[in-house]
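Have the sequence and model ready.

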Amino acid sequence: MSAAAEDRSTNRDWAAIAQKVGTPFASVLLAILIGSLIMWVSGYDPIAAYAALFQGSFGTPKAFGDTLLKSTPLILAGLGLAYGFRANLFNIGAEGQLFMGGLAAGWLGLVLAGQPWYVALPLLLLAAMLAGAAWAFIPAILKARIGAHEVITTMMFTYIARYFVSYLVIGPLKSPGQIPQTGLLPPESQLPRIQSLFSDATLQAMPFLKMGRAHMGILVAIVAAVIVWWVLKYTTLGYENRAVGYNPWAAETGGISVQWTTVKALCISGSLAGLAGAVEVMGVHHRLFDQFSSGFGFTGIAVALLAKNHPIAVIPAALLFGALSAGAGTMQLMADVPQKIILIVQALVIFFVAAEGIVTYFVKQRQKEATSNVG
Amino acid sequence: MLADIITPDLFASALRMATPLALAAIGGTICERSGVVNIALEGIMLCGAFAGVAVTLAVGNAWLGVLAAVLAGVVIAAIHAFTSINLRSDQVVSGTAINILALGLTGFLMEILYGHPGTTEAVTTIKPIFRFASERGGGGFVAEVWHWVNTILFSHTPIVYMAIIIAIAMQWAMYNTRWGLHLRALGEHPRAVDTVGVSVLKGRWIAVLISGALAGLAGANLTLEQVGSFTENMTNGRGFIALAANIFGRWTPVGSYGASLLFGFADALQIKLQIFRGEINIPPQFFLMLPYILTVIVLAGVVGRSVGPAAVGKPYEKG
């Protein structure tokens, strides 16, 4: 959102950094506190709940693996949102592009059966990026040409994508059997699990590597974060993106095409969301079905906002929401608290991060009271 | 086949489908006219829908349910008002947070109150007001015309009529009262309103709360008059379609209602067409996509020529 704030931090002013990191931290803390208050009011034990949540997300190597698993698409979706936000575009419909990315990977993986992994994997990821970008293209054109708000159009495209995928897995792409899903991806098209890369002896020696279902998609996500960071910081593409986000009129005067930059920004945002869908299909489910995403595109909004749209900061932000999501099941199991509390906490985080005016607001109220007391 | 599709109940159904969209769209109109973007309509509607069913299940009176839905809408809207007016948060981000909060809150309360996710028990829906007899193909021309009129206009539940009255009343109020004048000025030039001694904050708060009440009522219509139970995330993007209807209706209450009728008709038509999908051989998902595709087409065709309030989305700082 504020490209300027990012630029200012380059002077490494410690106070500025403390403030920058402080707001997200305080936001998360406040959200967790209010979350416990809600649990307490509803008759649950918040301490037991958060203990179970922690156990389920960091307690064992396998639990940590689940956290990584959930964080992987969140990093990618969060990067997509952040890249859009930097150009002052709100890609609220990342979920739709994510579905199309998942579709591209789930379909192409079957088509490319028999190809070696070094051919299949890059092609699948590339196809997912293209599919995500394509799904963002019409909203992008509508935004650039006539100013149709991307919040409405990308949201509509999300519903269209879901019905489209639902049709395909029930109809033309359905594998034989009762369940509406596509066939299993060949092993060459699957992202391998992290623990499968190590020998049994190594796993014996280093049990923390037994990370269950966590897969190599996390590497894709981290590489993507570094690339997006580099693009935003050091390339003309990224400079134009930030310039348009900061002040479109100045950018236009400076010779940047705002329309073209808008189209590029939303399509790149879409391609990252598409990638998020691909890693979920290639790394977790190994096939496509219509419920393969548990709203990663929407959680990506919270991730990007918490990270203040900084590509590297997206990684820890995604880890936080990934951990909440991974631990939610254990929390429900052990402390009986409905998993939906996670969504409430997520919303609260967004509120607090967005409400940067909250501190000044209360300071002003205090001053007002003080002056009225004097008067 | 055409005679089986173009029937009086197709139009009656269009009017029904249009009602929640129209109420939310009018709420969006009032909110945006005051200078506050409200993409939280979706979440507010969802909370209204839930509160309506929860209270009806608890006390057994659907009208208390409607009241609860409206109140729930106002309460949730108050959060949006506080963050976007007082704290000057990004209004779209605040709206997004409310939409996520609504999903979480309704789901959480559902499991606490009923012990399971998904769908609640059924409630007795609010019945249509009028019950006039009419029959299709029963008699002569007059009987046929009466049947059409009766089905399209007199077969509805109370909130359907309320929506029409609200559209007209709000249109009148917006252009003929002091409140309306101030409201329109708030969205165009808040400083001018401030200069003449009218509080920008108060004016915007009232507008946001009204939009919450209307979106809550839309939720009540959905659960207590149409479906008869609550299902998680049942609003299904209606809040966003309502925003499009508001734009298509050029930020006027009657315009929003008219635009909602178009989307309502698309919805009614897709439901009707699904009955015949064996004959036309098109998968149901493509029909379900129709309202969303139509929304994009309408936006593509109308935006640019339809200009919103100048100060919309900009927090006001007393200078």
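Q: Is B:C47 buried or exposed?
A: The cut-offs are under 20% relative accessible area for buried, over 50% for exposed and partly exposed in between, using a 1.4 Å probe and protein chains only. B:C47 comes out at 6% relative accessibility, so B:C47 is buried.

A quick word on the ground rules: this is a predicted model, where local features need pLDDT of at least 70, side-chain atom pairs count only at pLDDT 80 or more, and totals for chains, interfaces and linings use all residues. Residues are numbered from 1 along each chain as its sequence is written, chains are lettered from A and ligands numbered from 1 in the order in which they are written, and side-chain values use heavy atoms, with hydrogens and water left out.

Q: How many disulfides does the structure hold over all chains?
A: A disulfide is a covalent bond between the sulfur atoms of two cysteines. Over all chains, the count is zero.

Q: How many salt bridges turn up over all chains?
A: What counts is a side-chain nitrogen of Lys or Arg within 4 Å of a carboxyl oxygen of Asp or Glu. Searching the whole structure on that basis gives eight.

Q: How many residues apart in sequence are the parts tied together by A:R162 and A:E95?
A: These two side chains form a salt bridge at 3.8 Å, N to O. A:R162 lies in helix 7 (residues 150–170) of chain A and A:E95 in helix 5 (residues 94–111) of chain A, so the pair ties together parts separated in sequence by 67 residues. (Helices are DSSP runs of H or I, at least four residues, numbered from the N terminus.)

Q: Which residues are linked with A:K340 in a network of salt bridges?
A: This network takes in residues of chain A and chain B. Linked with A:K340 are B:E111 and B:E232.

How values were computed:
Disulfide = S-S within 2.5 Å. Helix = DSSP H or I, 4+ residues; strand = E, 2+ residues; numbered from the N terminus.
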